[in-house]
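Subject: Structure handover

Hello,

Here is the structure for your files.

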Amino acid sequence: MQLHAYSTYDELSKQTAGLVADYIRQKPDALVCFASGHTPIGVFRWLVDDVKAGRLDISRCTFIGLDEWGGMNGSHEGSCRHMIDQDFFLPLDIPQQQILFFDGTSNDLQAECARINEFISASGGLDIMLVGIGLNGHLGMNEPGTPFGTYAHVSELAEDTKKVGQKYFPGETALSIGVTLGLAHFREAKLPILMASGEKKAGIVRKLLASEATELLPASIVHLAPQAVVMVDRQAYSTDS
Ligand code: PGA
């Protein structure tokens, strides 16, 4: 695992977008998984700029969503799909055929997981997997205690996740389960990137960096992936206290 720290969120976002863009330039038909959430918004901004300015061609990439809330799809404001639609897919007018996303409204979420797992394995695995870290150490919706060997699965959300997740929605929203790519996907990705920004994340980032790989802290799978890159800004990487 490599660690890179930058002075501002904008610089962190620019450098992370640079990693993604450089990979795609080498492999234009890359299979790319993006997280939703607040952390990667700056990365999307830089990538949208690059594509619009003709510095990056993503027309042969396939994009996979990291996770989705149970009962939701892109029509729900605050859903994972809705967020990535707003920040990346719609501004670039990315065709539906290039997008693979969990449908959280499916009445067979296990089948949704199987569909996504099969696509990834038939494609030879993920190229890029860009994720954030939850305040409880989760990665995607892989909550503390999730086995490292897991692929896409239905997750019972941790209480912390149900509370913190309210920030994405216009009003109080009942959250109970989710569907998510697994920790094994991260470990096996050619370029797994874990990104963290802001003072709020300093505690969990400190814990992550001090910890060995343990299933109690799902994001600590970074320690089992020598090719993983941890990208942080100064606020999230405080050595104080
Ligand atoms: P955030 O979410 O990017 O909105 O902080 C990260 C997460 O909970 O995984």
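The notes below cover the ligand site and then the aromatic pairs.

Please keep in mind that this is a predicted model.

Ligand site

The residues around the ligand are G37, H38, T39, I133, G134, H138, K167, Y168 and K201. Sorted by class, this shell holds 5 polar, 2 nonpolar and 2 charged residues. The ligand takes up the space of the largest pocket.

- K201 places a polar side-chain atom 2.6 Å from a ligand oxygen.
- K167 also has a polar side-chain atom at 2.9 Å from an oxygen atom of the ligand.
- H38 contributes through its backbone, with an N or O atom 2.9 Å from a ligand oxygen.

On its own the ligand has 280 Å² of accessible area, and the protein covers 86% of that.

Aromatic pairs

The count of aromatic pairs is 9. One of them joins F63 and F88: the ring centres are 5.2 Å apart and the planes stand at 75 degrees. Planes over 60 degrees apart count as edge-to-face, so the F63 and F88 pair falls in that class. F63 belongs to strand β3 (residues 62-65) and F88 to helix α3 (residues 80-89), so this pair ties together parts that are 25 residues apart in sequence.

Regards

Notes
Residues are numbered from 1 along each chain as its sequence is written. This is a predicted model: local features need pLDDT of at least 70, side-chain atom pairs count only at pLDDT 80 or more; totals for chains, interfaces and linings use all residues. Side-chain values use heavy atoms; hydrogens and water are left out. A residue is near a molecule or strand if one of its heavy atoms lies within 4 Å of it. A polar contact is a pair of N or O atoms within 3.5 Å; within protein, one must be able to donate a hydrogen and the other to accept it, and residues adjacent in sequence count only if both atoms are side-chain atoms. Accessible areas come from the Shrake-Rupley method with a 1.4 Å probe; for residues, only the protein chains shown count as cover. On a 1 Å grid over the protein atoms alone, a cavity is a set of points where a 1.4 Å probe fits but cannot get out, and a pocket is an open set with protein on both sides within 12 Å along at least five of seven lines; lining residues have an atom within 4 Å of a point. A molecule sits in a cavity or pocket if more than half of its atoms lie within 2 Å of its grid points. Ala, Val, Leu, Ile, Met, Phe, Trp, Tyr, Cys and Pro count as nonpolar, Asp, Glu, Lys and Arg as charged, and the others, Gly among them, as polar. Rings of Phe, Tyr and Trp (its six-membered ring) pair if their centres lie within 6.5 Å; planes under 30 degrees apart count as stacked, over 60 as edge-to-face and the rest as tilted. Helices (H or I, at least four residues) and strands (E, at least two) are DSSP runs, numbered from the N terminus.
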